[in-house]
Amino acid sequence: RFIFIASVFITVLAFVPYIAQVLSGAVVTYFKSNDMHLAMYPVLTRIQKFFETGNFYGIDFTTFNGASEFFLRANMPGYYLFNWLIIPLSYLFSMRTAFAMFHMIHIFIYCIFSQKLCIKFFGLNRYLSLAVVSSYLWIVLFETWTTQFFLIAVFTLPLLYFSLMVVDLN
């Protein structure tokens with residue numbers, strides 16, 4: 001219960017600037033710079049267009065008369081299943097909000113399993129594990145400039161937890 005509440009609190013705290021911009025009606029500046037705005041966000045909008053038209057074969061007919069194979073572009077997570085699962089949220093909210101929710105859900109999962117890792121395998125108490133998770137969160141947030149590095153940073157500790165669980169079961 002403590003882990004869940006702490007994870008929700010950390011996730012909301014990490015996204016307070018975005019939530020405040022949405023609620024106040026200000027110009028949303030979340031992911032409007034660097035590779036996120038110029039490469040990753042357009043990939044998500046392209047996946048939304050493919051989702052709408054039922055185009056799951058990967059040829060991007062909007063670029064150079066179909067000369068571009070969408071899913072083979074370097075460093076573009078077109079095959080990441082969660083990108084496809086987040087698309088229905090873009091019909092309920094804006095695409096930028098769905099994109100932020102993509103990151104919020106991943107950070108929430110990171111917080112839960114990283115705290116479990118610290119408590120179960122590192123022997124830390126819940127408050128110290130919360131401090132460890134919060135301090136590593138800055139690395140995760142720093143890596144949000146591009147999706148592939150974000151996913152590596154956000155899944156490092158949870159995958160370590162699951163790996164140690166498998167070793168512990170054997």
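**Aromatic cluster.** Phe113, Phe121, Tyr161 and Phe162 come out as one aromatic cluster. I then searched the whole structure for aromatic pairs and got nine. One of them joins Tyr161 and Phe162, edge-to-face, with 5.4 Å from centre to centre and 65° between the planes. I checked the cover on both residues. Tyr161 has 8% relative accessibility and therefore counts as buried, the cut-off being under 20%. Phe162 has 40%, so I list Phe162 as partly exposed.

**Helix 1 to helix 5.** Among the nine aromatic pairs I also noted Phe4 with Phe108, an edge-to-face pair at 5.6 Å centre to centre and with 90° between the planes. Which parts of the chain does this pair tie together? Phe4 belongs to helix 1 and Phe108 to helix 5, so the pair links parts 104 residues apart in sequence.

**Charge over a ring.** I looked up Arg126 next. Arg126 lies over the face of Phe2, 4.6 Å from the ring centre.

**His103.** I then asked what lies 2.9 Å from a polar atom of the His103 side chain. The backbone oxygen of Phe99 is found at that distance.

**Fold and contacts.** I counted the secondary structure of the protein chain: seven helices and two strands. In sequence order I wrote down the pattern α-α-α-β-β-α-α-α-α. Of the contacts between residues at least 6 apart in sequence, 65% join residues at least 24 apart.

**Burial and surface.** The protein chain has 170 residues, and I find 40% of them buried.

**Confidence.** I took the pLDDT values last. The chain averages 80, and 77% of the residues score at least 70. Which element has the lowest mean pLDDT, and which the highest? The lowest is strand 1, residues 59-60, with a mean of 59. The highest is helix 1, residues 2-14, with a mean of 91. Where pLDDT is low, predicted coordinates should not be read in detail. I keep that as a caution for any later entry.

How values were computed:
Residues are numbered from 1 along each chain as its sequence is written. Side-chain values use heavy atoms; hydrogens and water are left out. A polar contact is a pair of N or O atoms within 3.5 Å; within protein, one must be able to donate a hydrogen and the other to accept it, and residues adjacent in sequence count only if both atoms are side-chain atoms. pLDDT is the predictor's confidence in each residue, from 0 to 100. Helices (H or I, at least four residues) and strands (E, at least two) are DSSP runs, numbered from the N terminus. Rings of Phe, Tyr and Trp (its six-membered ring) pair if their centres lie within 6.5 Å; planes under 30 degrees apart count as stacked, over 60 as edge-to-face and the rest as tilted. Buried means under 20% relative accessible area, exposed over 50%, partly exposed in between (1.4 Å probe, protein chains only). A charge sits over a ring if NZ of Lys or CZ of Arg is within 6 Å of the ring centre and within 35 degrees of the ring normal. Contact means heavy atoms within 4.5 Å.
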